[in-house]
Amino acid sequence: MGKYFGTDGFRGEANVDLNPVHAFQIGRYLGWYYGREHKARIVIGKDTRRSSYMYENALASGIAASGADAYLLHVTTTPCVSYITRAEGFDCGVMISASHNPFYDNGIKLINGEGEKMDDALQDEIERYIDGLVPDLPYALREKVGCTVDYYAGRSRYIGYLTDISDRPFEDRKIVLDCANGSTWMIAEAVFKALGAKVQVINARPNGTNINDGCGSTHIEGLQAYVREHPVDCGFAFDGDGDRCLAVDEQGQVVNGDKIMYLCARFLKDNGQLPSNTVVTTVMSNLGLYKALDAAGIRYEKTAVGDRYVYENMKANDHLIGGEQSGHIIFRKYARSGDGIITAIMVMRVMMETQLPLSRLVSDVTTYPQVLKNVVVTDKDAVLADERVAAEVAAVEQELGDDGRVLLRKSGTEPVLRVMAEAGTQETCEAAVDRIIAAMKEIGCLIEVKK
């Protein structure tokens with residue numbers, strides 16, 4: 001990760017960590033970089049945060065000042081920007097969003113011409129430009145100044161693309177969509193109505209400050225309560241920029257990303273549509289998922305936490321499905337990144353084809369209790385390399401056997417180690433985590449356990 005750009009773009013509190021000058025500079029560099037040999041075209045989308053509008057204007061100004069054209073999708077999802085970038089031949093795409101963060105945060109995500117997350121090398125060059133470490137860029141003059149183009153048509157094309165994914169309508173199915181007062185607030189309803197579902201929508205009145213506020217995939221309890229009070233077949237909750245989706249079954253129980261990956265992979269395998277017979281997960285997926293995949297005869301691979309690592313593995317090894325427990329799931333046949341609406345369509349497709357309720361489709365996955373504690377340490381690498389800590393981890397793993405696991409993971413931005421255990425009971429998890437933390441204390445590296 002760089003100084004400004006992390007695994008999911010340049011993100012921080014609006015006008016504190018990320019200001020309009022940053023956005024203008026990013027636009028300037030992108031417009032210059034892609035416009036060195038031709039008239040560049042860059043497409044921009046944004047979520048519903050109040051600050052997204054000022055970043056949109058600043059980005060478009062920077063792009064046009066460098067001589068490129070900025071195409072504005074306006075409020076749309078991150079996967080929409082990804083799809084339109086590659087489908088319409090844009091040089092790159094930009095999404096203005098801080099995803100599931102509160103409204104006062106915002107971010108700028110860069111997408112390459114293939115609809116994938118921008119490579120680190122170019123982002124590093126943009127950081128150098130922001131910090132004044134490269135010569136200033138020339139401004140476009142006279143007729144070479146770029147244009148800003150309203151591009152609502154791109155959003156309509158994306159909706160059409162989504163409705164073509166399912167080969168059968170969702171007739172008579174009652175579903176509820178929690179749009180998190182974010183990017184999906186118009187798109188998701190349009191898609192599922194076009195597919196014939198009877199749609200109810202909640203949290204679809206964005207006002208600039210209510211995105212993710214007690215709603216959406218990060219506050220799934222609201223959707224659970226709605227489903228329990230209304231007779232529907234299932235519900236789907238999206239996050240602020242629409243790249244994540246969690247489901248709620250007809251009984252009001254949460255169906256997380258692990259369970260969604262299982263039911264979709266199982267369906268695809270049974271229908272000969274999972275040629276590599278593999279699901280790509282992160283190391284944080286639950287042990288219950290792996291046991292269910294083992295029982296179904298489906299292989300799996302584990303990556304570091306982050307959807308970009310999942311996608312890189314999928315692309316390198318030609319796998320078709322992968323994702324995270326949080327609901328950031330990638331169906332590579334249809335998208336180059338997580339797409340919450342596609343995830344919901346795939347779940348509905350399985351329900352329609354099998355004629356089974358969602359609760360039954362995920363009943364083979366038993367979620368193991370999990371305890372995760374964040375431990376501030378003096379030196380992350382020294383703790384991980386210490387023989388006494390390693391010995392304690394090995395001892396705990398041996399005692400847990402096939403009925404549990406432990407994981408130590410470094411934070412990418414803090415002096416923190418994340419200590420996680422999964423086992424048959426919550427008490428066993430707590431004891432396992434506490435034993436490992438005690439070993440860190442014994443070697444003198446423990447500062448505090450964060451709450």
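**Figure 1. The second largest cavity and its lining.** By class, seven nonpolar, two polar and three charged residues line the second largest cavity of this predicted model. Its volume comes to about 40 Å³. The lining is made up of Pro 79, Ser 82, Tyr 83, Arg 86, Tyr 158, Tyr 161, Tyr 334, Ala 335, Arg 336, Ser 337, Asp 339 and Ile 342. Helices α3 and α5 each bring at least two residues to this lining. The most come from α3, with four residues.

**Figure 2. The largest cavity.** A search of the whole structure turns up three cavities of 30 Å³ or more, and the largest of them holds about 190 Å³ of space. Its lining counts 21 residues, and those nearest the centre are Asp 8, Lys 109, Leu 110, Ile 111 and Lys 117. Two or more lining residues come from each of α3 (78–87), β6 (105–111) and α10. Strand β6 gives the most, with three residues. Sorted by class, the lining of the largest cavity has three nonpolar, ten polar and eight charged residues.

**Figure 3. The largest pocket.** If you are thinking about open space on this model, here is the largest pocket, with a volume of about 1,200 Å³. Its lining takes in 32 residues, and Thr 7, Val 305, Gly 306, Arg 409 and Arg 418 lie nearest the centre. The elements that contribute two or more residues to this lining are β2 (9–13), α10 (307–317), β17 (370–377) and β18 (405–410). What classes of residue line the largest pocket? There are 16 polar and nine charged residues, along with seven nonpolar ones.

**Figure 4. Helix α6 and its buried side.** Helix α6 spans residues 187–194, and its buried residues are Ile 187, Ala 188, Val 191 and Phe 192. These four cover an arc of only 115 degrees around the axis, so they sit on the same side of α6. Which elements do the buried residues of α6 pack against? Their partners are the helices α5 (152–163) and α11 (340–354), together with the strands β8 (174–178), β9 (198–202) and β10 (234–238). Just after the helix, Gly 196 adopts a positive phi of about 95 degrees.

Figure 5. Follow the chain back from the helix and you reach Thr 184, which is found in the loop between β8 and α6. Leaving aside residues up to four places away in sequence, Thr 184 touches Thr 77, Cys 179, Phe 238, Gly 242 and Ile 341.

**Figure 6. Two residues with a positive phi.** Most residues other than glycine have a negative phi. Arg 142 has a positive phi, near 50 degrees, and is not a glycine. Arg 142 is placed in the loop between α4 (120–130) and β7 (148–150). With a relative accessible area of 79%, Arg 142 is exposed. The other residue in this figure is Asp 318, again not a glycine, with a positive phi of about 60 degrees. Asp 318 belongs to the loop between α10 and β15 (321–323).

**Figure 7. The whole chain, for orientation.** To place the close-ups, this last view steps back to the complete predicted model. The chain contains 15 helices and 20 strands. Its radius of gyration is 23 Å, close to the 22 Å that the globule rule gives for 451 residues, so the chain is as compact as a globular protein of that length. Along the principal axes, the C-alpha atoms fill a box of roughly 75 × 60 × 40 Å. How much of the chain counts as buried? The share is 57% of the 451 residues. Among contacts between residues at least 6 apart in sequence, 71% join residues at least 24 apart.

Terms used: Residues numbered from 1 in each chain as written. Predicted model: local features only at pLDDT ≥ 70, side-chain atom pairs only at ≥ 80, totals over all residues. Heavy atoms only, no water. 1 Å grid on protein atoms, 1.4 Å probe; cavity = no way out; pocket = protein on both sides within 12 Å on 5 of 7 lines; lining within 4 Å. Points joined across faces, edges and corners; volume = space filled by probe spheres on them. Nonpolar A, V, L, I, M, F, W, Y, C, P; charged D, E, K, R; others polar. Buried < 20%, exposed > 50% of the residue type's maximum accessible area, 1.4 Å probe, protein only. Arc of directions from axis to C-beta. Contact = heavy atoms within 4.5 Å. Rg over C-alpha atoms; globule rule 2.2 N^0.38 Å.
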